[in-house]
Every structure is written in structure tokens, then in C-alpha cells.
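Take a look at the model below. We will follow its salt bridges and then turn to one helix.

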Amino acid sequence: MRRITATVGDAMPSDAGTRAHDIPPDVLAVLGLPSFGELTPDQARGAVCVWGTEQLTTETAVDLGEQAGPEGRWWPRACRTHTADRAHRGLFDHAPSCEQCVDAAERCETSRVLYRLIRDGRR
């Protein structure tokens, strides 16, 4: 299972599988994580992609972190393909309205993590 994150000062390794990462809350907001009420029980527990019907394994899943809400705690995960598609759309929505992206996109943590998710999903 992959967990994706980056911090402004971190160098991004060429092989994303070499270390674990977390997806920052700002990136989750851009990805548009579905609400708990929209999910099947298998999606809520991370066995199935939150944006599709793909069965997930430790090797194929992108961990979207533990979430908490009025319904309790849940552990969404997604397939790499859906995550990359969401990240691609999210990058186009995010970048034009982000002052940092307009000035230097490589310095924007959200932009960098979205780009990483796109690359990882296209492998």
C-alpha cells in the first residue's frame, strides 16, 4: 500500500515505492474524497476503491488516511488509476487559483503531491 506526501523541503525520490508517505489534508480536499454516506461498507473499510469498484490489495492501494466524522472512523483507499485521474483534474483546478503555483509550482506542496499521484498512477 502506498501513502503519498511531500513537504516543501523534501526531495522526491525517483522510486515512490521506497518509502511511505501521507497525503496532506489540502490534497485530500482537492481530490474530492467522497463522504462516508456515499460509500459502500467495503469502500469505507478500504477493501474497494472509493471512486470505483476495484478490489484493492496492499500493493495496489493508495492509502487516503484515516478519516473521522459523525459516523465514526473510516479508512478510505483508492486504486492508482482513479487517484491519478482525480489528481490530474485537481491539479488543473488548483494551479490557476494558487498564488504559489502561479509564481513557482515546484514550491507548492499541494501541486507537488498531486503531480506525484499522477505519475504514480500512470506507471
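Asp 85 is partly exposed, at a relative accessible area of 28%. Buried here means under 20% relative accessible area, exposed means over 50%, and partly exposed lies in between (1.4 Å probe, protein chains only). This is a predicted model: local features need pLDDT of at least 70, side-chain atom pairs count only at pLDDT 80 or more, and totals for chains, interfaces and linings use all residues. Residues are numbered from 1 along each chain as its sequence is written, and side-chain values use heavy atoms, with hydrogens and water left out.

Asp 85 forms a salt bridge with Arg 122, their closest N and O atoms lying 3.2 Å apart. This pair links distant parts of the chain: Asp 85 sits in helix 3, Arg 122 in the segment after helix 5, 37 residues apart. Arg 122 is partly exposed, at 47% relative accessibility.

The structure holds three salt bridges, each a side-chain nitrogen of Lys or Arg within 4 Å of a carboxyl oxygen of Asp or Glu. In one, Arg 45 meets Asp 42 (3.0 Å, N to O). Arg 45 is exposed at 57%; Asp 42 is partly exposed at 32%. Another joins Arg 73 and Glu 66 (3.1 Å, N to O).

Now turn to helix 5, residues 109–121. Helices (H or I, at least four residues) and strands (E, at least two) are DSSP runs, numbered from the N terminus.

Methods
Expected span 1.5 Å × (residues − 1).
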